Amino acid sequence: MSSSITPSTIPLKSIVVAQRKAVSLISGGLDSMLATKVIIDQGIHVEGINFFTGFCVEGHTHAIRKKDQNKSKRNNALWVAEQLGIKLHIVDVIEPYKEVVINPKHGYGANLNPCLDCKGFMVGKAYEWMQQHGFDFIITGEVMGQRPMSQRRDTFPVIERESGAGDLLLRPLCAKKLPPTLPEREAWVDRDKLHDFHGRSRKPQMALAEQFGITEYAQPAGGCCFLTDASYANKLSDLWENRGSREYELDDIMLLKVGRHLRPRQHFKIIISREEGETKFLEGYRKAFTHLYPTSHGGPLALIDGTAQDDDLQLAAQLLARYSQGRNANQVSINVCFMNGDTTSLHVKPLAKEDIPKTWYL
Amino acid sequence: MSEHHLDARRLLCPLPVIRTQNAVQNLRQGDRLSVVCTDPGSVNDIPTWSRINGHKVLEINNDNDEITILIEVNGLDS
């Protein structure tokens, strides 16, 4: 006689329910921190993921500038992960992200920020990671109505569709404003314990942070991407326009964060360090650019981007002299070093402030 | 146990962390990785990354403009 086991006879100890696993997009700001905490508190195993595009604002300027060397520096995404007690995977997406910046299907925001394409791209990368690592769903800190381009009722489905994540994308902070996702329908998470935040107010997030005892977090406003910055976007537009191509390398976009950028003539740009830390940073690029520095006085280092002829170099030297300690001298000696190793010395009168048109500044 | 070296000088955050993460992926428990960086943020970020991923920071040397961080892979595992 064969024996049968009914559910009621199975010892409780033998019922093993696999713990569900979620990957959370961690930006380092408050919203993703809260969304992650909401899901951790439901017993889900969560690991964080953070993408490095090259345009991320992570204190690069502070890291470079000498005067900021004593300021405390930290990667906010790593800090958040440690506060939450989760692992964080930082993924280099510099190469694939270029297509997002160069050809955004949904266009740019106020500057060169392709926010909707960017969100679809990042959720898509998180979805790939989820599949490769055996995780069950994705969470983000998005709040409906929080951002004008990527966080709207009508753009949320675009992100779900274009990322491929579909209803495996859960937004814990505004889930109750949206149709139930698979993790909710399958009761992996309790929908009743999710939230219905919407709009631009930060008060619900602040209240939830207080409830969780979270008192320290990165300032939520201001974005985390240089592409939202008007000055940076202007320099990037100039780079593309004058190269006749939108292609870029990491060094190109890093250099846009450093120094004064002036374009006195269409065929060349000069980058002049503003202080010792920037000089040191630019020194790393000396082999890749014709560069100039004053020898008769203290002063900055300048890189020439483009093809400068003799009279262009004369002008560049006068500009550089303007920013040297010899700005009021009759003559400043400037050393010019070419990429082939040749050098020459120019003796120039510094340009007066009023002789530098504002249109030269990028 | 084997010793490894990673040159992350002149890289800005989070690249030193990413390079460290990628290097550690190919190492075994107990291996040691020495990372040399120039970004001052690395002095916080690499130890934070190590702690949350179970690696032990054995030593941090901040010598003028260069920071050297010695990590023992999975050194925090019990």
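Tutor: Let us begin with burial: a residue is buried if 20 or more other C-beta atoms lie within 10 Å of its own, exposed if 12 or fewer, and partly exposed in between, the C-beta atoms being placed from the backbone. Helices (H or I, at least four residues) and strands (E, at least two) are DSSP runs, numbered from the N terminus. In helix 3 of chain A, the residues A:Asn76, A:Ala77, A:Leu78, A:Trp79, A:Val80, A:Ala81 and A:Leu84 are buried. This is a predicted model, in which local features need pLDDT of at least 70 and side-chain atom pairs count only at pLDDT 80 or more, whereas totals for chains, interfaces and linings use all residues. Residues are numbered from 1 along each chain as its sequence is written, and chains are lettered from A and ligands numbered from 1 in the order in which they are written.

Student: Why is helix 3 of chain A largely enclosed by the rest of the structure?

Tutor: Of its 9 residues, 7 are buried, so helix 3 of chain A is largely enclosed. Its buried residues pack against helix 1 (30-40), strand 2 (45-52) and strand 3 of chain A, together with helix 2 of chain B. Just after this helix, A:Gly85 takes a positive phi of about 75°.

Student: At what angle do helix 3 of chain A and helix 2 of chain B pack?

Tutor: Axes are lines fitted to C-alpha atoms, for helices over the stretch in contact, and angles run from 0 to 180 degrees between N-to-C directions. Here helix 3 (residues 76-84) of chain A and helix 2 (residues 42-52) of chain B pack at about 35°, their axes lying 10 Å apart.

Student: How many residues does the contact take from chain A and from chain B?

Tutor: The contact takes 18 residues from chain A and 17 residues from chain B. On the side of chain A that touches chain B, the largest share, 4 residues, comes from helix 3 of chain A.

Student: In what order do the 5 strands of the open sheet in chain A stand?

Tutor: Two strands pair if DSSP finds at least two bridges between them. In chain A, the 5 strands form an open sheet in the order 3-2-1-4-5, with parallel pairing. Strand 3 and strand 5 (169-170) of chain A stand at the edges with a single partner strand each, so one side of each is left without a neighbour in the sheet. Strand 4 (residues 137-139) of chain A is joined to strand 5 of chain A by 2 bridges, the two running parallel, and A:Ile138 has A:Leu169, in strand 5 of chain A, as its bridge partner.

Student: Where is A:Ile304, and with which residues is it in contact?

Tutor: A:Ile304 is in strand 9 (residues 302-306) of chain A, and it is buried, with 20 other C-beta atoms within 10 Å. Leaving aside neighbours within four places in sequence, A:Ile304 is in contact with A:Phe268, A:Ile270, A:Phe289, A:Thr290, A:His291 and A:Ala316. For chain A as a whole, 43% of the 362 residues count as buried.

Definitions and conventions. Contact = placed C-beta atoms within 7 Å.
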